[in-house]
Amino acid sequence: MSAAAWDPPLAQEDLLLAAAYVYDAQYNRNIPFETSPQAVRLYYLYNHWTMQAATYFFIFVDLFLAVFEDPAVYPLPFLATSLVEVLCLLVFFGRLVHFAKVTPRNVFWKDTKNICIMIAILVTLIDLIIYGALKISNVNSIRWSRFLRPIFLINFAESRQIRRVFRSIRNTLPEITYVFLLFMFSVLMFSLMALKLFGDRNLRTVEGSPYFTNYLEIVFDLYVLVTTANSPDVMMPAFDFSWWYSLFFITYVVINTYLFMSVFLAVVYNNYRKHLKNEIRKLAYMKRHKMVEAFNILKVKEGTEFVVKEAQWKQLVKLVAPDISTSHRELLLRVSDEEQKGYVDKKSFVRLADLLNIQVIAMRIQTHPLEHWMPHVYNSAVSLFIRSMVQHKGFVWTYDVIILINAVFIALDEENPLISYAEWVFLSLYIIEILLKVYTYEPRAFFAKTQFWNWFDTFIIIAALVATILNTSLKSASQYNSQQVLDIVFILRVLRLIRIVDSIQRFRVIMNTLINIVPTMLTFGGLAL
């Protein structure tokens, strides 16, 4: 019997601590936390999705208070907005206190983010009290602390992705400074040439004002010309005087709009990518460090090397990813312990965080409910013919042609009775298509979470059917004609055309790519906000 067999069972506190490290590595978190049992449990609570969702909810409530605060289109009483803001500040303060309980004290007070949040809360409270007192005294004043509200969005621990992007942008700015200075030098030089070329020729703009006689105005006009917002209006007085002067503006646009803007884009892209790579290297290092910490907690000696036993590995994965299936867990174990030795070595254990991030789709082969209820009917010759027809590529191509014909009818006059009747024909064909697919494919597989296009098709068709029936009923019941219902019907008809995207492989790849980059775009959206 090996020495590892005599190791005492692992304490639950150690297992929770190891799971916290793995959880941090999985989600690229770099939050230093206390390792005492109470602090670890508080850390789990801090990272729970409900706590994070509540924090974001109150952050956005705080940001959108400006919509209802005086001056506003829909003003609310000061008492109402102030009570909501105080509630938000209390939530932020509670979240900060919770964070202080899980992190070492010296780390907490050295973190600039925490100091910024505390100052923002204090300053906002002082401003709120002063503004309220002045309002009671009928003295006009301004809420000067409002501009501090985005600090809560940036500085809480949950916003690490936004801070990461912000750091990359900030580090990129010095690199583009030289390109920007050279660009401005070019604009100033061309402005000076324009002043000498056109300033003494008594040219006039369309409005009758002097043309290119003031140097600062020339700089501004040529700067705007880089965006082509004032093109060709800005060059027309010179062109009307002599078409040769168009060469001046063509040269300017080629150099500043096309060359310099391309250089700007190249410099920004290359430097942003460089700094983003540095961020990713840091993340990779921290991820490995966290996984090594977890390994050191769980390791036992097996022969000449330290390993993690299979039983402890399974307990760990259950804690870190409780929602994954048993088969998924067994698959991860087989990948980590390929030779089925009954333990996982250090090299394989460190990969666990990456393995947990890989999306695994479990394909369950299930029989169709109709095959259970009516096996003779479902497996008859006619049924098999229908199912083989639906599964054939010709079925897809037929409906692609129907969609294209439908597009032509959508563009035609709606008042024509034939067009109106044709709409019912197309709706019937689409409903028959969905029914045939549900008949052919197992319903739970057809409407699985990953089958986005099946859900999209079904929703669009059912919504269009309901809206069309509602619109027809309103028309037949009275002379009532709801433009809102008509608008919905028209939009749904056009949206049906998107279904053809799913039929073309390259279109589907592009659409899936756009869907997959939405989380990344949300990060940049938060930064823009």
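Predicted model: local features only at pLDDT ≥ 70, side-chain atom pairs only at ≥ 80, totals over all residues.
Modeller: Local features need pLDDT of at least 70 and side-chain atom pairs count only at pLDDT 80 or more, while totals for chains, interfaces and linings use all residues. Residues are numbered from 1 along each chain as its sequence is written, and side-chain values use heavy atoms, with hydrogens and water left out.

Colleague: Why is the pair Asp354 and Lys287 called a salt bridge?

Modeller: The term requires a side-chain nitrogen of Lys or Arg within 4 Å of a carboxyl oxygen of Asp or Glu. The closest N and O atoms of Asp354 and Lys287 are 2.9 Å apart, so the pair meets that rule.

Colleague: How do you know whether Lys287 is buried or exposed?

Modeller: Buried means under 20% relative accessible area, exposed over 50%, and partly exposed in between (1.4 Å probe, protein chains only). Lys287 has 16% and is therefore buried, whereas Asp354, at 38%, is partly exposed.

Colleague: What makes Glu339 exposed?

Modeller: Its relative accessible area is 60%, so Glu339 is classed as exposed. Its salt-bridge partner Lys341, with closest N and O atoms 3.2 Å apart, is partly exposed at 46%.

Colleague: How many salt bridges does the rule give?

Modeller: The count comes to 19.
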